[in-house]
Amino acid sequence: MAGSLQKSSPHLGSIINRFQKTAPFTHLRELLERERLAEIPICGMAGSSSSILLSCLVKEKDRPIIAIVADSDEAANLYDDLVFLLSEDEVTYYPSRMVSPFEFRSPSAEISGQRLATLSKLSNGTAGVIVTSIAALIEPTISKIDFSSSQLYLKAGQEMEIDSLAERL
């Protein structure tokens, strides 16, 4: 990350390098290595410092990082910052359905697609940073077992009976 950023923005690369050498970041990295905690609450970050922190941590992790923020606007801003610092392949947005589970209507296809893409990355171990809001996390979703068993992979040129495909879908 730092190498590609330094080519496009030497000042940003310098800021990130300095950030990685600060005592609080070094302490956090040591805490993560030593404790292997499932969660570490971090607060008091100003501006884009949380984006820089997450972009630095994602390069050192061996598991997904889930960034939970207060609302969808904050999640969208954090997602945009992280895509700029990392790439779209390393950052996933898990949006709220924006529909109450007790309403008799479906969320938009785009939102459903984003949620499924995030669950797929989690399932196959390719999730880097997942950005989400509290509202999105409290909404019901499919279980990991049901999600894994219901996946269907199709390849270009592959033949499948239409009745069988319709039944799976």
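Which helices and strands each supply at least two residues of the lining of the largest pocket? I began my notes with this question, and I keep in mind that the model is predicted.

**Entry 1: the pocket**

I looked up the lining by element and found that α3 (23-35), α4, β1 and α5 (72-85) each supply at least two residues. I noted a volume of about 1200 Å³ for this largest pocket. I counted 38 residues in its lining, and Ile40, Ile42, Leu54, Ile65 and Ile66 lie nearest the centre. I then sorted the lining by residue class, which gave 22 nonpolar, 6 polar and 10 charged residues.

**Entry 2: helix α4**

I turned to α4, one of the elements that supply the pocket lining. I wanted to know how many of its residues are buried. The helix is mostly covered, with 9 of its 10 residues buried. I listed the buried ones as Ser49, Ser51, Ile52, Leu53, Leu54, Ser55, Cys56, Leu57 and Val58.

**Entry 3: Ser51**

I picked out Ser51, which lies in α4 (residues 49-58). Is Ser51 buried or exposed? I record Ser51 as buried because its relative accessibility is 1%, and the cut-off for buried is under 20%. I next asked which residues Ser51 touches, leaving aside those up to four places away in sequence. The contacts are Leu78, Asp81, Leu82 and Leu85.

I traced an open sheet of 3 strands, in the order β1-β3-β2, with parallel pairing. Its edge strands are β1 (65-69) and β2 (91-94), each of which pairs on one side only. I noted a twist that averages 20 degrees from one strand to the next.

I followed β2 to its partner, strand β3 (residues 129-133), and found 4 bridges joining the two, which run parallel. Within this pair I saw Tyr93 opposite Val131 in β3.

**Entry 4: helices on the sheet**

I came back to α4, which packs on the sheet and touches β1 and β3. The direction of α4 makes about 165 degrees with that of β1. I also looked up helix α6 (residues 109-124), which packs on the sheet and touches β2 and β3. The direction of α6 makes about 130 degrees with that of β2.

Notes: Residues numbered from 1 in each chain as written. Predicted model: local features only at pLDDT ≥ 70, side-chain atom pairs only at ≥ 80, totals over all residues. Heavy atoms only, no water. Buried < 20%, exposed > 50% of the residue type's maximum accessible area, 1.4 Å probe, protein only. Contact = heavy atoms within 4.5 Å. Pairing = 2+ DSSP bridges. Axes fitted to C-alpha atoms, helices over the stretch in contact; angles between N-to-C directions. 1 Å grid on protein atoms, 1.4 Å probe; cavity = no way out; pocket = protein on both sides within 12 Å on 5 of 7 lines; lining within 4 Å. Points joined across faces, edges and corners; volume = space filled by probe spheres on them. Nonpolar A, V, L, I, M, F, W, Y, C, P; charged D, E, K, R; others polar.
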